[in-house]
Amino acid sequence: MNKLGHKHIACCNCSDFEQLPEDVAVSAHIADVEERRGFSVYCIFVIEVKTKGGSKYFIYRRYSEFLTLHTKLEENYGPEKGIAPYFFSPPPLPPKIYVGNKKDIAESRIPLLNVYLKGLLDAPVWILLDDDLRIFFYQTTFDSERIPRALRRLRPQTRKIKRNSEHISDMDRPRAEALFDFKGNAAQELNFKSGDLVYLLSRVNRNWLEGTAGNQIGIFPQSFVRIIKDLPEEKFPVSWLRCYFHDYDVCQIRDISLEEDVQKLPTYNELLDLIRTQFPDSDVALNMRDADGDLIRLMDNSDMELLVTKGKGKTKLENFFPWQLHVTRIDDLDVYSNRNSEDMSMN
């Protein structure tokens, strides 16, 4: 059955904008782009979303997620597969670029992606109820726990100030004393005078904080205040990959932090590039350990699924990838069984 058959959009009454749910996204723009490191270096777009009900929040999406959404919309509502009158052609998406600095490429895409987002949300009302579109703009727990790292083009998130009625005393709240007068140059910046007490809400980046003074909320430079009680240590979603480096007669354990979902299956090249950054002075090879305890060298993408399926459950620590990786020097064949060493020496 065509995907349209079991979606909400099949209801003609939903054509009226006023009948849309309050949490449906109606506008969005890219506030910033951040460079992140996972199995490979990649860029992620910080998108500020506004819903029909007036709420605002940030979501974080990679270009590949834009591409996946675009492909699904074309498949489901294009002239060949759509069901009349439910035809929709999404606006043009910036093409893939394979050569160049990733941050520069991401920056150059911002104006085009903003046009793309506007085109999606200016579409017929029934498209706004599409499951894939709603999932794309939905703020996940992962999104809500992130704090934007930069201030460029950015407004702080809307926050509720915690009052004493919530059983949080002023003495328990993170706070600072203003050392100098600060008058912000933009609407999102907080104004205060020397001696004012500023209650802290979040750390925006290394140099700026978000806080409240009186009935105002805004951002300000940390150098203008003296911290009385600091914010809790900021925790970004972090996963860990445990690897064992067999350096001839010594085995070292190294835990590598990544901003990746622990269920992700990396490609062979992504994993190899990551390990090379961890052991820059060694020409390394990737390996897994089989049921007999022997090391098996990984050669290409066909081996990656084997690494995950055979190694699953070997690491049961929280936030760790459930498989283990063994790293050797590429010319060290003594770590393998005689049979495996002979096979590799012939290749």
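Predicted model: local features only at pLDDT ≥ 70, side-chain atom pairs only at ≥ 80, totals over all residues.
**The hairpin.** I began with strand 1 (residues 25–37) and strand 2 (residues 41–51), which run antiparallel and are joined by eleven bridges. Three residues lie between the two strands of this hairpin.

**Aromatic pairs.** Next I turned to the rings, and the structure holds twelve aromatic pairs. One of them joins tyrosine 77 and tryptophan 126 edge-to-face, with 5.6 Å centre to centre and 70° between the planes. I placed tyrosine 77 in helix 1 (residues 63–77) and tryptophan 126 in the loop between helix 2 (102–121) and helix 3 (131–137), so this pair ties together parts 49 residues apart in sequence. Buried or exposed, I asked of tyrosine 77 and tryptophan 126? Both are buried.

I then checked phenylalanine 182 with phenylalanine 224, also an edge-to-face pair, at 5.1 Å centre to centre and 65° between the planes. Phenylalanine 182 sits in the loop between strand 4 (175–178) and strand 5 (197–203), and phenylalanine 224 in the loop between strand 7 (216–221) and strand 8 (225–229), so the pair ties together parts 42 residues apart in sequence. Phenylalanine 182 counts as buried at 11% relative accessibility, whereas phenylalanine 224 is partly exposed at 25%.

**A cluster and two arginines.** I also noted a cluster in which ring pairs link Phe45, Phe66, Tyr116, Phe136 and Phe137. Over the face of phenylalanine 136 I found arginine 61, at 5.7 Å from the ring centre. My last entry is arginine 173, which lies over the face of tyrosine 199 at 3.9 Å from the ring centre.

Terms used: Residues numbered from 1 in each chain as written. Heavy atoms only, no water. Pairing = 2+ DSSP bridges. Helix = DSSP H or I, 4+ residues; strand = E, 2+ residues; numbered from the N terminus. Phe/Tyr/Trp six-rings, centres within 6.5 Å; stacked < 30°, edge-to-face > 60°. Buried < 20%, exposed > 50% of the residue type's maximum accessible area, 1.4 Å probe, protein only. Lys NZ or Arg CZ within 6 Å of the ring centre and 35° of its normal.
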